[in-house]
Amino acid sequence: MPTEQDIRTALGNVRYPGFSRDIVSFGLVKGIQIEGANVTIEISVATRDPNIPRLVHEQAMDVLKKVPGVGEVKLNFDIKDPPGAGTTASDKLGKSSIPGVKKVIAVASGKGGVGKSTVASNLAVAMSQSGLRVGLCDCDLYGPSIAHMFGTDERPYQNDEQQIVPIEKYGLQLMSMGFLLEDASPVIVRGPIATRYTQQFLRQSAWNDLDVLVLDLPPGTGDIQLTIVQTVALDGVVIVTTPQEVALIDARKAVAMFQKVNVPILGIIENMSYFLCPSDGKVYHIFGKGGGEHEAKRLGVPLLGQIPIEMDVRESGDEGHPIALEDPTKSASSKVFREIAAQLK
C-alpha cells in the first residue's frame, strides 16, 4: 500500500503553473488521506485563473497513477480568491500581461547559430502580412540584431507618460537594444541589470494595441529567459533548430525549461533545412535530414515549417528587408514563413 510519504514525494514533481517550484513546497497540499489503495488529497489554491487548478489536477493525476499500489485518486480543490482587492493570480505570483498586448509568443533556441533572430523577424513580418497588429521585441541584449535586419538606425524617444515609443518599420512595432547603441558598441552588463533592461523593454514600451508581440529570446536558458518565463504570461513558445543532432540536443534543453514552467510549446521550426541548388534543381540536406520532424513527433508538437537555405534570406536580412516581405509565389522561404504564420494565427 502507498504511504503518505510516497504521495508527497510524487506530488513534489507537480510544478505550480508558471513556476519551477512544486505544489508541496508552496504549501498547497493541505491533507492526504489513504484508505487501502485509494488516495484523497486536499489542495488549496488562491487564484482567479481556471487554468491553474486544471493544470495542477492534470499533473497530479499523472504522477500519482505511477505510484506503486495506488488505486482510485480523488483531488479536492479549495479555490480561493487571492488576497488584495483587484489582485489577480498573475499579479500575486509575479506573472502578468504586457500593457497594450493581447498575445505574447516567444521564439527560442537552445543554442546560437541556428538563425533564431532571422526566424523571429520573418515570422513577425509574416504574421503582420496576415492582417495582425504585430510587435517584435529583441530580448538578446548582448547580440541585438533586429535593428540591422529591419534596416533602421532610428532612435526611440519617450512620450509624456515616460514610456519608450517603439520604432515602426514595415507596419511592425520594434524594440531592441540595437536602437540605443552604435553598431560597434558592446553591451557590458551583469545578469541582474540585463534582466532589468529586458523588463523595461517589455513593460515600459508604449506598445500600441498589438494582437501579438513576438519576443526574440537570447539563445540558451539563462537569466533573461528565466526572468521572462517567470514574469510574463506567455501564450506559447516556438523552438528554432537546425536538422543536425548537435543542435537538437540543445533544443531539447530549451523545450525542457519551458515545459517545467508550463509554457505551451507551439511547435518546432527547422531552419536551414535543405539547400535547393539553383543550377541543377537538386535538394541537398547539408545539415542532415529529418531531425526537426523526429523531434516534433517525440514531443508531440507540430513541425511548423522547414526553412530552406537560400542566399536571398541572408541578403534580405543584411539589406534590412526581411524575406517574408517578398511575394510568396516567388520565394520559397517567404512561402514557408507565411504558412507558419497561418498555423499560429
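**Entry 1**

I looked up Asp235 and found it partly exposed, with a relative accessible area of 31%. My cut-offs: buried means under 20% relative accessible area, exposed means over 50%, and partly exposed lies in between (1.4 Å probe, protein chains only). This is a predicted model, so I note that local features need pLDDT of at least 70, that side-chain atom pairs count only at pLDDT 80 or more, and that totals for chains, interfaces and linings use all residues. Residues are numbered from 1 along each chain as its sequence is written, and side-chain values use heavy atoms, with hydrogens and water left out.

Next I checked Lys103, which is partly exposed at 45%. The side chains of Lys103 and Asp235 meet in a salt bridge, 3.8 Å from N to O. Lys103 sits in strand S4 and Asp235 in the loop between helix H7 (223-231) and S11, so the pair ties together parts that are 132 residues apart in sequence. A salt bridge here is a side-chain nitrogen of Lys or Arg within 4 Å of a carboxyl oxygen of Asp or Glu. Helices (H or I, at least four residues) and strands (E, at least two) are DSSP runs, numbered from the N terminus.

**Entry 1: other salt bridges**

How many salt bridges does the structure hold? I noted 14.

One of them joins Lys102 and Asp211, with the closest N and O atoms 3.4 Å apart. This pair links distant parts of the chain, 109 residues apart: Lys102 is in strand S4 and Asp211 in strand S10. Lys102 is exposed at 54%, while Asp211 is partly exposed at 21%.

Then I turned to Arg54 and Glu58, whose closest N and O atoms are 3.1 Å apart in a salt bridge. Both lie in helix H2 (residues 51-64), 4 residues apart, about one turn of the helix. Arg54 is partly exposed at 39%, and Glu58 is partly exposed at 42%.

I went back to S4 (residues 101-108). Here 6 of the 8 residues are buried, so the strand is largely enclosed by the rest of the structure. Two strands pair if DSSP finds at least two bridges between them. S4 runs parallel to S10 (residues 210-216), joined by 6 bridges. S4 also runs parallel to S11 (residues 236-241), joined by 4 bridges. I traced Val107 across both pairings: Asp216 stands opposite in S10, and Val238 stands opposite in S11.

S5 (residues 134-138) is mostly covered, with 5 of its 5 residues buried. Which way do its residues point? Val134, Leu136 and Asp138 point one way, Gly135 and Cys137 the other way, and all are buried. S5 pairs with S10 in the parallel sense over 5 bridges. S5 also pairs in the parallel sense with strand S9 (residues 172-176), over 4 bridges. Asp138 stands opposite Asp216 in S10, and the bridge partner of Asp138 in S9 is Ser176.

**Entry 2: helix H9**

I listed the buried residues of H9 (residues 291-299): Gly291, Gly292, Glu295, Ala296 and Leu299. Seen down the axis of H9, they fall within an arc of 130 degrees, so they line one face of the helix. The arc is that of the directions from the helix axis to the C-beta atoms. On the other side, His294 and Lys297 are exposed.

What do the buried residues of H9 pack against? I found helix H8 (245-260), strand S12 (265-270) and strand S15 (303-306). Contact means heavy atoms within 4.5 Å. After H9 comes Gly300, whose phi is positive, near 70 degrees.

**Entry 3: two buried residues**

I picked Ser331, in the loop between helix H10 (311-318) and helix H11 (332-344). At 7% relative accessibility, Ser331 counts as buried. Leaving aside neighbours within four places in sequence, Ser331 is in contact with Glu310, Ile323 and Glu326.

Last, I took Gly31, found in strand S1 (residues 29-35). Gly31 is buried at 15%. Leaving aside neighbours within four places in sequence, I see Gly31 in contact with Thr40, Ile41 and Glu42. Gly31 and Ser44 are 13 residues apart in sequence, and 9.6 Å apart in space from C-alpha to C-alpha.
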